[in-house]
Structure formats: C-alpha cells, structure tokens
Amino acid sequence: MTTAIDRGAPAPERTGSGRRGSHALRWWVLAVLGVAQLMVVLDATVVNIALPAAQQDLGFSDGDRSWVVTGYALAFGSLLLLGGRLSDLFGRRTTFIIGLVGFAVASAVGGAATSFEMLVAARVGQGVFGALLAPAALSLLTVTFTEPSERAKAFGIFGAVAGTGGAIGLLLGGALTEWASWRWVMFVNLAFAAVALVGAVLLLAKHTSTERPKLDIPGTVVVTAGLFGIVYGFSHAESDGWTNGVTLAFLLGGAALIAVFAWLETRVAHPLLPLRIVLDRMRGTSYLTVFIMGIGMFAIFLFLTYYMQLTLGYSPIMTGVAFLPMVAAMVASSTTGPSLLLPKLGPKVVVSGGFLIAAAGMAWLTRIGLDTGYVTHILPALILLGFGLGGSMSTAFQGATSGVQHEDAGVASAMINTSQQVGGSIGTALLSTIAASAATDYLSARTPDPLTIAQSAIESYTTSFWWATAIFVVGGILTAVLMPSTAPVPAEGEPVLAH
C-alpha cells in the first residue's frame, strides 16, 4: 500500500499516529537523499587530491591527467537535463535506484583500474549515472516536503550538503590517499551507495503511471550536444587558451546548439525543458544564483588549496581540516537562514545579502602573502564565505523548484545541477587563465629566483580572488534586481513514501 503526500491535496492535520509516522519518514527520506547528493558532489573534488598518486601508480602523463576530471564533468554536465526528464517520465524512485547502482559499479571499476583508459571510462560512467542520480534526488526532495516550515529546513540541510561537499571531498580525499590508497577515493562510494540504496528501497514508493512516457528526442540530442560543446570548450580553454581554434569551435557551436534547443522547445508537443520552468522569475533567478556561485566557488577550493599546500606547506589532510570552519558556517547558515530570515526578509535580501557577505570573505583572501597566518588571513574569510554562500545556496535550491508541477520536478531540479556544472566549468577555465596571466606578468618584469617565483604564485592567487570577489558582487546586484521579494511557493506534492 502506498500513502503519503497526496498529489495536490492539502496538508493533513498534525494529529493522529499516521501523520506522525509520515512526518518521521520524510526526514529519513531526506537523510537518504542527502547521502546520495553528498556522494555526487564530493566526487568532483575528492579525486583531485588523489590524482598524483593515481598518476604515479598507473603511469599516465601530465597531459592525460586532466581527463580524469574532465571525463566526469563532460558526461555529468551534458546529460543532466536528460537525466532529470527521465526521472519525471519513468519515476523518481526507479531513476534514483538505477543511478545509485550504476554510480557504485562505476566507482568499483575505477578503484580497481589497471590502466589510464579504465580509470577514465569509470569516471565517465560516474558522470552518466550521476546525471540520473542528482536530479532524481532533488526532485524527490521537492515533492516530499511541501509544507513551508519543513520545506525551508529540508532545503537548508540539502543545500548545506551540496555546498560543503567540495570541502568534505578535499578532507576525505586527503585522508584516504594518505592513510590508505588513492583507490579508496573510488571505493568509498560503495559505502555511500549501499546506505542510500537500502533507504530508497525501504522508504520510497514505486512509480505508478497510466500515461505512456514521451521523450523529446530532437531536444535531447541538441541540448546534450550543446552542453557537451560548452563544457568541453571551457575545459579546452584552460589548457590551450581562448583563441585556440578547437576552443572557439566548441564554445560557439555549443552556444548555437543551445539557441536551437530553446527554439525547438517552443515547437514540440512534449518538450524536454518546458520554457515555463526557466522563464519564471523566481526559478530563473535561482538558476542564475547557482550558476554564478559555481564560477566563484572554484577559486575557493582550487587556489586556496594550492596556497595552503604549496606555499604554507600543509599536508592534504591539514588542508581539508582547514576548510572545516567554512563547512560549519555553511551548514549553520543553510539550516537556520532560510527558516528564520526567508519568511521575514524574503529571498531577494537573503540571496543578494549572501552574495555580498561571500564577496567580503573573498576580498579578505586577497591579503594573503608568503607567510601569513591561518587565523588572521584564512579563517575569517572562510567563515564569511560559508555564511554567505550557505544562505544563498539553500534559498536558491528552494526557489529553483518553486511552484513546479510534479511532472516537471525532475527537469527543474536538473537545471540546478546544470547551472552549477556549467558555472564550475567557466570558473575553471576563466580563473585558471587569469591566474596564469597574472603570474606571467609578475615574472616578466623581474629576475626569476625562488622568492620571485613564489611571489608570482601569490599574485596569481590574489588576482583570482579579486575576480571572484567581483563575480560575487555582480551576483548580489543581479539577484537584488531580478529576484522577487515573495517567498518561494512549495512544489506540488505527490505520493513518494512507502509503508
């Protein structure tokens, strides 16, 4: 028998044992979805720290090394919208479970890899199944928590997991690489997947539908190719420059295909991404928020990691521990900000204010030098960044699925992950290029010696931090102009819990 939140029905009264049981089960569902989301998010950074050890073990070149990261990003970023729509058509529970099992198998293959090609294939597999898993998890959350007070808490917790996953990945990657083997960076996903799989089988209701699923094949092909072109173009720009012919061909081709996709979606009967989803002011601005965060957050994790390890001499584990105050601040602001501030101030103030607080934290990081202290120069910045980004991200997660009908929840959720993935790709390419140029400019007018070279690295980091500061300020201004003042409307609920 399937019960729970009836489709379109008013919220039941808070009386009776059945209601209390349903209430408790929903929070167990959140725990399951949070574990799955953490697995997908931390996989983007947990592998980075283990890469040198994997490279030494498998014997691949520096030039090939980037494909271990890019393979995941390309598959994940280009297939997210398809994954989101599949969860709407074939059932979120089914898609979620397939994504979990597939991600676990790909992780096992990666951990057991005996060659570079096998490792990259496993990473591509993780990206494919992650593109099924991530939208299904968020859309399940969207249709499970429809009461405003519970919704704010649930999205706050989920947003905290999404925002802190990168930092947790750095800590976990450092610990596993140092104490066990780089292979455990992949094998650890089996534990996450097992916990989430047991919870999904026990808690989630099976999908029932009287309608035959219809997929927008032309739109799927065009947008997948377009997103692939954009993500690959930015990845190529990082290594070969912005004026490279291949870079320009993929970026321009990808942008053209996205434009064709938008035109197609106004013509087909069953669009992959109904334009009503992104043209709504609340949802559209929320996607923009996550996109801009994706650009700016790259500077925190990559360049600050370089600074702490290469300049200050921190070990991988020490680096991960150094990020924990940011994790704590992000969890605190994600879980308390939306429930306390959102009803009083509205999303416009919470999101734009969060961007400006994060910009202040990023500007603080521009004061670093060759021998600056963690407590004076890094810790305050990380706390500000955690508070600012946590509140903005959890509010944007709510806004991005605000008022969606249950049949659109999957693809609306996929747009959040797509925005973050494309933003991260842009941040990787843009800020890496800016950092390299800053270091080159500094050295061009000076005699290269160990001190000058070390200082050129500082110049590259601080220049990137200034750019990230500006990006967050622009994000604050745009959201202040575009974001509505009214609180996000809960999505339409449907049965998701199994007894």
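The structure is a predicted model, in which local features need pLDDT of at least 70 and side-chain atom pairs count only at pLDDT 80 or more, while totals for chains, interfaces and linings use all residues. Residues are numbered from 1 along each chain as its sequence is written, and side-chain values use heavy atoms, with hydrogens and water left out. The mean pLDDT of the chain is 84, and 90% of its residues reach 70 or more; pLDDT is the predictor's confidence in each residue, from 0 to 100.

**Confidence along the chain**

- Confidence is lowest in strand S1 (residues 2-3), with a mean of 38, and highest in helix H3 (residues 92-111), with 94; helices (H or I, at least four residues) and strands (E, at least two) are DSSP runs, numbered from the N terminus.
- Over residues 1-21 the pLDDT stays under 50, and for this stretch the model has 38 contacts beyond four places in sequence, a contact meaning heavy atoms within 4.5 Å.

**Salt bridges**

- The structure holds 6 salt bridges, each defined as a side-chain nitrogen of Lys or Arg within 4 Å of a carboxyl oxygen of Asp or Glu.
- One of them joins the side chains of Asp43 and Arg123, at 2.7 Å from N to O. This pair links distant parts of the chain, since Asp43 is in helix H1 (residues 17-58) and Arg123 is in helix H4 (residues 116-144), 80 residues apart.
- Both Asp43 and Arg123 are buried, where buried means under 20% relative accessible area, exposed means over 50%, and partly exposed lies in between (1.4 Å probe, protein chains only).
- Asp88 forms a salt bridge with Arg92, and their closest N and O atoms are 3.3 Å apart. Asp88 is buried because its relative accessible area is 11%, and Arg92 is buried because its value is 7%.
- Asp408 forms a salt bridge with Arg276, with the closest N and O atoms 2.7 Å apart.
- Asp408 counts as buried, at 4% relative accessibility, whereas Arg276 counts as partly exposed, at 49%. Through salt bridges that share partners, Arg85, Asp88, Arg92, Arg276 and Asp408 are joined into one network.

**Aromatic pairs**

- Rings of Phe, Tyr and Trp (its six-membered ring) pair if their centres lie within 6.5 Å, and planes under 30 degrees apart count as stacked, over 60 as edge-to-face and the rest as tilted; by this rule there are 13 aromatic pairs.
- Phe228 and Tyr232 are a stacked pair, because their ring centres are 6.2 Å apart and their planes stand at 5°. The two residues are 4 residues apart in helix H7 (residues 217-240), so about one helical turn separates them.
- Phe228 is partly exposed, with a relative accessible area of 35%, while Tyr232 is buried, with 15%.
- Phe303 and Tyr306 are an edge-to-face pair, because their ring centres are 6.4 Å apart and their planes stand at 80°. These two are 3 residues apart in helix H10 (residues 281-311), so they too are separated by about one helical turn.
- Phe303 counts as buried, at 4% relative accessibility, whereas Tyr306 is partly exposed, with a relative accessible area of 37%.
- Trp67, Phe228, Tyr232 and Phe250 form one aromatic cluster.

**Two residues and their contacts**

- Ile230 is placed in helix H7 and is buried, with a relative accessible area of 14%. Leaving aside neighbours within four places in sequence, Ile230 is in contact with Phe250, Leu251, Gly254, Ala255, Ile258 and Val422.
- Pro325 lies in helix H12 (residues 324-340) and is partly exposed, with a relative accessible area of 23%. Not counting residues up to four places away in sequence, Pro325 touches Tyr374, Leu379 and Ile383; the C-alpha atoms of Pro325 and Leu379, 54 residues apart along the chain, are separated by 7.2 Å.

**Nonpolar surface patch**

- Leu356, Val473, Val474, Ile477, Leu478, Val481 and Leu482 form a nonpolar patch on the surface, with about 560 Å² of accessible area together. Patches are made of residues with over 30% relative accessible area and no salt bridge, like charges being joined within 9 Å and nonpolar side chains (Val, Leu, Ile, Met, Phe, Trp, Tyr) within 5 Å; accessible areas come from the Shrake-Rupley method with a 1.4 Å probe, and for residues only the protein chains shown count as cover.
- Helix H17 (residues 450-482) gives the most to this patch, with 6 residues. Leu478 is found in helix H17 and is partly exposed, with a relative accessible area of 32%.
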